[in-house]
Structures are given as structure tokens and as C-alpha cells.
Amino acid sequence: MNRSFLFLLGSARQGGNTETLARAAAEQLPDGVEQRWLDLARLPLAGYADARHSGEPWPEVSGPEAENEALLREATLAATDIVIASPLYWYSVSSWTKAYLDHWSKWLTVPDLDFRARMAGGTLWGVAAMGDRDETVAEPLRLMLGNTAAYLRMRDGGLLLGNGSGPGQVLDDARALRRAKTFFAQEASLARSAGR
């Protein structure tokens, strides 16, 4: 099966440290591996309203937000590998990234979409730049991505971390750039929820 990577950029800045680190890792992908890059900050979604248990239909969405949701849903389902590239914001992902992931709950309920079955077997990766040099502060993000992958029976590709908050600072993190060279080459195992 041909691999297809979807890179979802969740930064408030274009060309920020997280994107720079993600692109350094993506440069190592073999020729012919499809890459699609989408900037979540430029594809705003409607506010998430959880209708799973209300007995009511999901709120109708129209206009650009509906188009953005359809684009992101189709791109997500078309990819074999999904890369969440979000800076570490308050020990997790950015608001744009969280809104995107919240919509997965909605897509799980869409009749005939088979979102969970179609996501199973794919791989979820994470890339994040952070201002703290202590990588243990990113453990909540690592757990969130790993548990999300486990819930959907996906593979957990892991989390590539780099240090940098000011523009271009991640390029000074030699360790992160070394890891980026082999990040997508590692074997991703089937995700397991924390504690299991």
C-alpha cells in the first residue's frame, strides 16, 4: 500500500518552529510518498457542539466552515499517516488542533462514513516545538496522541520534540534535527491506551 502523509499545522505562526521541525522530518521521506500540508489556523471550523447523546442532529454548518470541515474530513480519511504538528501550548495542542480533533467525535457518528474502521491501521504522529528544555513536560501531549491512536486502533508513530520559542530557534536544537532525520523511518506499533 502506498503511504500518504497528511501534515496538519496547528501553529499561530506560519513557518514557526514546529513547522520547521516537521518539514525537516518530511524531507527524509522517500520520493513518491505523497505529502499534503494543511494549516488549521487558516481552515477554521465551526465551534464544536457535542450532540452525540442528545438525540438531536448535529448543528447545521454552512459556508466556509462547512467547506473546511469537508476538506479536513476527506483529507484525514485519504491519508495513511496523520501528522499532528502543533506547538506545545499549555502542555497539549493548540486550539486549532484541538478543534480539529474534537470533530473526530462528530465524524465517528456520521452514518455510512465508517470513520473508525477507516482510520484503523493508519499511523498517528506528533511533532511539537516547545520553550522548555525538559521533555517530560510534553508527556500530556504524548499520552493524548497515544490514547487517541489506541481508541481508533491506529499505530502510534511517537512524538518528535524540539526546543525553540523564538523564530527559527529550533534550528539550534541539534538533537531534534538529528531525530528528525529518522523519525518517519521508525516502525510504528499498534497503539495501546495508557495503563493497559
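Let's start with Arg-42 and Asp-39, whose side chains come together in a salt bridge, 2.9 Å from N to O. Keep in mind that this is a predicted model.

So are the two partners buried or exposed? Asp-39 has a relative accessible area of 15%, so it counts as buried, because the cut-off for buried is under 20%. Arg-42 comes out at 43% relative accessibility, which means it is partly exposed.

## One turn along a helix

Next up is helix α3, which covers residues 95–107 and holds both Lys-98 and Asp-102. These two sit four residues apart, or about one turn of the helix. Their side chains form a salt bridge too, with 2.6 Å between N and O. Lys-98 has a relative accessible area of 42%, so it is partly exposed.

## Reaching across the chain

Now for Arg-179 and Glu-135, which pair up in a salt bridge at 2.6 Å, N to O. This pair ties together distant parts of the chain, 44 residues apart. Arg-179 belongs to helix α6 (residues 174–182), while Glu-135 is in the loop between β4 (123–130) and α5 (139–151).

How accessible are these two? Arg-179 is partly exposed, at 27% relative accessibility. Glu-135 is also partly exposed, at 22%.

## The wider picture

Salt bridges can also join up: Glu-69, Arg-73 and Lys-106 are linked in a network of them. How many salt bridges turn up in the whole structure? The search finds nine.

Notes
Residues are numbered from 1 along each chain as its sequence is written. This is a predicted model: local features need pLDDT of at least 70, side-chain atom pairs count only at pLDDT 80 or more; totals for chains, interfaces and linings use all residues. Side-chain values use heavy atoms; hydrogens and water are left out. A salt bridge is a side-chain nitrogen of Lys or Arg within 4 Å of a carboxyl oxygen of Asp or Glu. Buried means under 20% relative accessible area, exposed over 50%, partly exposed in between (1.4 Å probe, protein chains only).
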